[in-house]
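Biologist: I am new to this model. Please take me through how to read a few of its features.

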Amino acid sequence: MRDATVFDIPAITAIYRQAVLEGTASFEEIAPDENELAKRQQALIAGGFPYLVAVEETTGDLCGYAYAGPYRPRTAYRHTVEDSIYVSPAHQGKGIGSLLITSLIERCDAGPWRQMVAAIGDSQNYGSIALHRKHGFQPSGTFYNVGYKFGRWLDSVLMQRPLKSTTPVIPAPQEPAALSAAGPANAPCPTSSPTRAK
């Protein structure tokens, strides 16, 4: 297990492409290319979120990957992350998913976040539901028939678990400083630098 790098993108793209084109865990229908997945990876890493890969020691093959990212873009959600876990078809059923989610939870426990959410595509995705339940996630609800893929309606199963963070609350973004009474011409430039996890 190690942190992912841009050099892992080709293998990550292959794994995700299969998940998009053949599975219902992802609600994407057009598989993104390497450039797009590299942008997504860089945005997560730059935001301080963990992005991990599992690598076969003897062959060096990338077996699967996992990352945490923002649950929602609005800032009041900033203490909650959502997980994503994908395992190569050749390595499924070998405990790779469990290794990935264990490491991901440990990394998030050490961060500033308080809740981890799983939005599992397809209520028939029994393996993912069981994996999350095994690692302390509890069902939070189900959105019924919110996706349509491969000719059938799909549910989205929500699960969550608390994290063990003891770090201070992440400060909220601040309003831009008000202009001084002297007027715009003589006022200092307002500054605002919302703080987020690193």
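Biologist: Is C63 buried or exposed?

Modeller: Buried means under 20% relative accessible area, exposed over 50%, and partly exposed in between, with a 1.4 Å probe and protein chains only. C63 is buried because its relative accessible area is 3%. C108 is buried too, since its relative accessibility is 0%.

Biologist: What should I know about the source of these values?

Modeller: This is a predicted model, in which local features need pLDDT of at least 70 and side-chain atom pairs count only at pLDDT 80 or more, while totals for chains, interfaces and linings use all residues. Residues are numbered from 1 along each chain as its sequence is written, and side-chain values use heavy atoms, with hydrogens and water left out.

Biologist: How many disulfides does a search of the whole structure find?

Modeller: A disulfide is a covalent bond between the sulfur atoms of two cysteines. In the whole structure it finds 0 disulfides.

Biologist: Where is T80 found, and which residues is T80 in contact with, leaving aside its neighbours within four places in sequence?

Modeller: Helices (H or I, at least four residues) and strands (E, at least two) are DSSP runs, numbered from the N terminus. T80 belongs to strand β4 and is buried, at 17% relative accessible area. Contact means heavy atoms within 4.5 Å. Beyond neighbours within four places in sequence, T80 touches G69, P70, Y71, Q115 and V117.

Biologist: And where is the place of H79?

Modeller: H79 sits in the loop between β3 and β4. H79 counts as buried because its relative accessibility is 14%. With neighbours within four places in sequence left aside, H79 has contacts with P112, W113, R114, Q115, V169 and I170.

Biologist: How many aromatic pairs does the count come to?

Modeller: Rings of Phe, Tyr and Trp (its six-membered ring) pair if their centres lie within 6.5 Å; planes under 30 degrees apart count as stacked, over 60 as edge-to-face and the rest as tilted. By this rule there are 8 aromatic pairs. The pair of Y71 and Y77 is edge-to-face because the ring planes stand at 80°, with centres 5.4 Å apart. Y71 is buried at 18% relative accessibility, whereas Y77 is partly exposed at 38%. One aromatic cluster is formed by Y16, Y51, Y65, Y67 and Y86.

Biologist: Which residues lie nearest the centre of the largest pocket?

Modeller: On a 1 Å grid over the protein atoms alone, a pocket is an open set of points where a 1.4 Å probe fits, with protein on both sides within 12 Å along at least five of seven lines; lining residues have an atom within 4 Å of a point. A25, S26, S84, I85 and Y86 lie nearest the centre, among the 44 residues of the lining. The volume, the space filled by probe spheres set on points joined across faces, edges and corners, is about 1,300 Å³ for the largest pocket. Strand β4 gives the largest share of its lining, 6 residues.

Biologist: How do the lining residues divide into nonpolar, polar and charged?

Modeller: Ala, Val, Leu, Ile, Met, Phe, Trp, Tyr, Cys and Pro count as nonpolar, Asp, Glu, Lys and Arg as charged, and the others, Gly among them, as polar. The lining of the largest pocket has 19 nonpolar, 19 polar and 6 charged residues.

Technical notes: A disulfide is a pair of cysteine sulfur atoms within 2.5 Å.
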